[in-house]
Amino acid sequence: MRSYFPVLSALGLIVTMFGVLMGFPLAVSFFLDDGATRAFDDAVLLTCAAGVVLWALTRRVKRDLKPSDGFLLVALTWVVTPVFGAIPLFGYVPGLSVIDAYFEAVSGLTATGGTVLSGLDRMPISINLWRTFMHWIGGMGVIVLVVAILPLLGIGGRQLFRAEVPTPMKESSLTPRITETAKGLWTAYILLTAACGLSLWLAGLDGWEALIHAFSVTGLGGFSSKDASLGHFNSVPVEMVAIAFALLAGLNYATHYLALVRRNPRPYLSDPELPFYFGVLLASVAVLTAYLMSVEAHADFLTTLRYVAFHVVSMSTSLGLATYDYTLWPMFAQMWILFLGSFIACSGSAGGGIKMMRAIILYKQVYREIVRSLHPNAVHPVRLGIQPVSEDILHAVLGFSFMYMVSIVALTLVLAATGLDIITAFSGVVACLNNTGPGLGAIGPASNYAGLNDFQTATLAFTMILGRLEIFTLLVVLTPVFWRR
């Protein structure tokens, strides 16, 4: 019989590390005496104890992790770690149900940003810090963190990295060793976070608010310490900083790392996703600004441009912070920014959706089929930049895109069957699958997910994990063939 002890042993190490990371908000709570220390005490103790016990009980069976083990470990990590991430929230927030606490933790770790909590302005700093710190951990990926710091998994480390960061061109590597690759990505991530926090502080936020929102922006999460999200501050400089760093966080971190190591901007110029990334964003801002001006949605051009630019970038990159209730706009504008989150973020970023690289490949494949229809004998390879795209990658992209659409339709029907109105059901699935956060209807930026029942909330929690693992990593584990000997 196939032994899963090595997988469970590695999971024990991951859970233990997660408990250690939880010590950061615990130290903040203790230092500030903000009333949440007991909740974090219990959470750190339970998490570390559970991880150590699981590791101790399963460590006797030693072998390298196989590709299938990597899929299982990644799936288990994203299902199990939110259980422990929810403990401080469940222990502190009165009246919070187990399902809602788990939803909040899943939303945090998947960098989605949909919340069931209200009264955030009165929450202890450590609780809000933990919520956005989960964004930061999950934005780059718990598994990538472990591979970077604990190179204990041998060959399995590469399998974990591939399962955790699935992209169309995932066979490429920045460095020969997978741990060095992970460390390089985290170096770029940490530097970007530090720069974002400093910029937010210089823009007018106090130290804790700058740190909390730096975790949220660079992780492309969307949690805020305010019920009114970033609109609470009503600050153009703060919004401009958020836009700038959301745009940077939406780029491939491999590109950031290469530019950092080589100390020149050439990697940005050679990244084939960037022209499409910025081109679609600029076109969207221009079109929506002109459209909202024509329907007189706002008083003047600058106000319209301010709100459009922020929400186009925020929703497109899957950040999900808001400064205005965009559900007051005509439905055309609402649907436009909702769908932008489906493909704008670049591969290798913390953003969600199908990623810009897949969207480019799909566009070029459609164009190739049109050419073939007119000229059946023409040779017209699909290229990404100067690199030809293999047929295997094309098939993988087409398969992923099909499952992406099937997931949206199927999960929307599930929610609609529970009595949820179609706008809320559809936008909730799209927002959670893209890890964007706020949707339309009853879950727009002026409200939250608290009005949903437990089944609806659990369904969307599953949707967030499905989106974060880009569908196949999770679905592989759920197929019967995976469990056959």
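A: A crossing is left-handed if the near helix is turned anticlockwise from the far one by less than a right angle, and right-handed if clockwise. The crossing of α19 and α20 is right-handed.

Q: What kind of model is it?
A: This is a predicted model, where local features need pLDDT of at least 70, side-chain atom pairs count only at pLDDT 80 or more, and totals for chains, interfaces and linings use all residues. Residues are numbered from 1 along each chain as its sequence is written, and side-chain values use heavy atoms, with hydrogens and water left out.

Q: At what angle do α19 and α20 pack?
A: Helix α19 (residues 391–417) and helix α20 (residues 422–433) pack at about 140°, with axes 9 Å apart.

Q: Moving on, how many salt bridges does the structure hold?
A: There are eight salt bridges, each being a side-chain nitrogen of Lys or Arg within 4 Å of a carboxyl oxygen of Asp or Glu.

Q: Which residue does K355 bridge to?
A: K355 pairs with E470, with the closest N and O atoms 2.8 Å apart. K355 lies in the loop between α17 and α18 and E470 in the loop between α21 and α22, so the pair ties together parts that are 115 residues apart in sequence.

Q: Is E470 buried or exposed?
A: E470 is buried, at 7% relative accessibility; buried means under 20% relative accessible area, exposed over 50%, and partly exposed in between (1.4 Å probe, protein chains only). R358 also forms a salt bridge with E470, at 2.8 Å from N to O.

Conventions:
Axes fitted to C-alpha atoms, helices over the stretch in contact; angles between N-to-C directions. Helix = DSSP H or I, 4+ residues; strand = E, 2+ residues; numbered from the N terminus.
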